[in-house]
Amino acid sequence: MVHLGEMQVETALFFETIEQIYTRVFRSLKPRASVPTVTIRFRKYANITSRIRLENNNLTVDISDLLESAPAPIQEALAHILLAKLFRRIPEAGIVARYQRYLNRTEMRRVVHSVKRERGRKLIRNPKGETYDLQAVFEELNFKYFDGLMARPQLGWSIRPSRTTLGHYDPSHHAIVLSCLMDAQDCPAILVNFVMFHEMLHLRYPTEHNGARRCVHTQEFKQAERQFEGYREAKRALRAFVEKEWAREALGLSSRGA
Ligand SMILES: [Zn+2]
């Protein structure tokens with residue numbers, strides 16, 4: 001016998017359709033409500049995305065086709081998560097963890113990455129910006145900190161000026177993207193270098209997946225980050241830049257490069 005939270009994972013599960021799973025979970029969450037007609041559609045999304053809505057007693061669930069072959073306990077976990085969201089409840093932690101563990105399995109991650117690459121387009125601007133050239137920035141850091149040995153990924157400025165994410169590494173597209181907000185005269189070079197260096201370290205120390213938990217900045221990562229020349233100054237520049245940008249937003253000033 002398998003214990004999976006409060007769910008029933010006995011024989012019934014193996015003979016249920018996905019529609020029946022949703023109906024059963026719906027009943028368990030809303031015992032007094034009338035049971036809706038359930039329609040499940042597997043869609044070719046670029047990501048593991050699912051949507052749920054309830055209208056006129058019709059429950060429609062759109063699920064990424066990447067989950068079409070997921071086993072029943074995973075379908076049931078997703079049903080719990082989506083229905084909890086619909087009813088603005090917090091899903092049981094154990095159920096969320098089970099679903100996350102499934103997504104984090106090596107094979108699943110590989111499939112998701114390749115599908116993202118195929119279906120999703122990564123929209124980024126030319127790495128040669130108005131003030132900074134990201135290819136030059138990358139190569140200088142590569143030479144200085146990585147013996148010039150790091151293979152250059154795709155590089156580019158973001159389309160939208162993000163204040164909250166100054167840089168990110170996208171493993172699906174093997175791309176480092178920096179917020180176009182920093183391609184400006186009033187953004188110090190040390191900050192652009194530092195954000196690029198940080199993203200390069202994500203290439204050097206890939207995300208460690210440990211069950212349901214995702215560990216992005218390991219101790220090893222943080223230690224390597226402190227090797228950046230002028231680390232403290234870079235941190236100060238980062239804080240000053242972010243504070244200035246927040247102030248601009250508070251004043252209702254539009255972002256540059258929008
Ligand atoms: Zn990071």
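A residue is buried under 20% relative accessible area, exposed over 50% and partly exposed in between, for a 1.4 Å probe and protein chains only. The model is predicted: local features need pLDDT of at least 70, side-chain atom pairs count only at pLDDT 80 or more, and totals for chains, interfaces and linings use all residues. Residues are numbered from 1 along each chain as its sequence is written, and side-chain values use heavy atoms, with hydrogens and water left out.

The zinc ion is coordinated at 2.1 Å by His 198 (NE2), His 202 (NE2) and His 217 (NE2). Donors are N, O and S atoms within 2.8 Å of the metal (3.2 Å for Na, K and Ca); water is not among the atoms, so sites may look incomplete. Along the chain, the donors are spaced H-x3-H-x14-H. His 198 and His 202 lie 4 residues apart in helix 7 (residues 189-204), so about one helical turn separates them. Helices (H or I, at least four residues) are DSSP runs, numbered from the N terminus, as are strands (E, at least two). An α-helix has 3.6 residues a turn, so residues three or four places apart point the same way. His 198 is buried at 16% relative accessibility. His 202 is also buried, at 12%.

Helix 4 (residues 93-104) has 12 residues. The helix spans 16 Å from first C-alpha to last, close to the expected 16 Å at 1.5 Å a residue. That expectation is 1.5 Å times one less than the number of residues. Buried residues in helix 4 include Ile 95, Arg 98 and Tyr 99.

Cys 180 is buried, at 9% relative accessible area. Cys 187 is buried at 0%. Disulfides, defined as pairs of cysteine sulfur atoms within 2.5 Å, number 0.
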